[in-house]
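Please read the following report alongside the sequence and the three-dimensional view. It is written for someone meeting this structure for the first time.

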Amino acid sequence: MAIKVNLDLMLVKRDMTLTELSEEVGVTISNLSILKTGKAKAVRFSTLNAICEALDCQPGDILEYEADGRDET
Amino acid sequence: MPVRFVAPAISLQKEEYISMARSNVLFFILTLIYVFVFFWFLRKFIASLRTPAFFTRQNALYLYTTATLVLIARFLSGGGLPGYAQIFSEYQFTGASKIETGLDISIVLFFFGLILLVVGWCFDQGVKLQKEQDLTI
């Protein structure tokens, strides 16, 4: 998929662990891990909303489109 | 044993009788094995209805296997050696000169198998949707 998820970068910037984010957002660590590693097929707006609220960022800070058409799936 | 239905009015050569009896016993055993395998796969599929993970690849395969077994049944009940044995074990006489078999449900089984195959394909699509749902955060 050409959409890259920069969740780990944001976690470092906000000095937060995946566990803490999981507790704040209400998504399991395994699901966040799936999102972080780029294996997710889709993200709900409600989840994206909760993540942006927890990390105090914009969706564009977490999601990035790489135009070279690289498919990691 | 199915051989108990042989009526004494029919004149059979001993060798012919033994051949028919053997083929009938073989068919009887094959039918038992077939029925066991069929219900084993069907039971596995039905048992999975109680689990939360219902739309899985394994359950789709169980359904496909059950459908294939039903399709095969059409050919097992139709002709060749099993058909010969069927005449021997289940029949009616008319004036001791005519042997009639029972109702042939093989074509019904064939269509039922096809329908089951379509259901299996729909289930497979459900498995794909479930996979996508599992990877939706």
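## Basis of the description

This is a predicted model, in which local features need pLDDT of at least 70 and side-chain atom pairs count only at pLDDT 80 or more, while totals for chains, interfaces and linings use all residues. Residues are numbered from 1 along each chain as its sequence is written, chains are lettered from A and ligands numbered from 1 in the order in which they are written, and side-chain values use heavy atoms, with hydrogens and water left out.

## Chain A as a whole

Chain A has 5 helices and 2 strands, where helices (H or I, at least four residues) and strands (E, at least two) are DSSP runs numbered from the N terminus. Read from the N terminus on, these elements follow the order β-α-α-α-α-α-β.

Of the 73 residues of chain A, 33% count as buried, a term that means under 20% relative accessible area, with exposed meaning over 50% and partly exposed in between (1.4 Å probe, protein chains only). Among the contacts in chain A with a separation of 6 or more, 64% come from residues 24 or more positions apart, contact being defined as heavy atoms within 4.5 Å.

## Helix H4 of chain A

Helix H4 of chain A covers residues 45–55, and its buried residues are A:Thr47, A:Leu48, A:Ile51, A:Cys52, A:Ala54 and A:Leu55. Seen down the axis of H4(A), these buried residues fall within an arc of 165°, so they line one face of the helix; the arc is that of the directions from the helix axis to the C-beta atoms. As a general point, an α-helix has 3.6 residues a turn, so residues three or four places apart point the same way.

The buried residues of H4(A) pack against helices H1 (7–13), H2 (18–25), H3 (29–36) and H5 (59–62), and also against strand E2 (63–65), of chain A. The face of H4(A) turned away from this buried side carries the exposed residues A:Phe45 and A:Glu53. After H4(A) comes A:Asp56, whose phi is positive, near 55°.

## Helix H2 of chain A

In H2(A), the buried residues are A:Leu18, A:Leu21, A:Ser22 and A:Val25. Seen down the axis of H2(A), they fall within an arc of 105°, so they line one face of the helix.

What covers the buried residues of H2(A) includes H1, H3 and H4 of chain A, whereas on the other side of H2(A) the residues A:Glu23 and A:Glu24 are exposed. H2(A) is followed by A:Gly26, whose phi is positive, near 85°.

A:Arg14 is found in the loop between H1 and H2 of chain A, and it counts as partly exposed because its relative accessibility is 36%. Although A:Arg14 and A:Leu55 are 41 residues apart in sequence, they are 6.6 Å apart in space, C-alpha to C-alpha. A polar atom of the side chain of A:Arg14 lies 2.4 Å from the backbone oxygen of A:Leu55. Leaving aside neighbours within four places in sequence, A:Arg14 is in contact with A:Leu55, A:Asp56 and A:Cys57.

A:Glu66 lies in the segment after E2 of chain A and, at 19% relative accessibility, counts as buried. Not counting residues up to four places away in sequence, A:Glu66 touches A:Ala2 and A:Lys4.

## B:Thr66 in chain B

B:Thr66 is found in helix H2 of chain B, which covers residues 57–76, and at 1% relative accessibility B:Thr66 counts as buried. A polar atom of its side chain lies 2.7 Å from the backbone oxygen of B:Tyr62. Not counting residues up to four places away in sequence, B:Thr66 touches B:Phe38, B:Phe41, B:Leu42 and B:Leu116.

## Where chain B meets chain A

In this interface, 5 residues of chain B are in contact with 11 residues of chain A. The area buried between the two chains is about 720 Å², of which carbon and sulfur atoms give 63%; buried area is the accessible area (1.4 Å probe) that two parts lose on being put together, summed over both. In chain B, B:Leu135, B:Thr136 and B:Ile137 lose the most area to chain A, together 86% of what that side buries.

The count between chain B and chain A is 0 salt bridges, a salt bridge being a side-chain nitrogen of Lys or Arg within 4 Å of a carboxyl oxygen of Asp or Glu.

Key. Polar contact = N/O pair within 3.5 Å; in protein donor to acceptor, adjacent residues only side chain to side chain.
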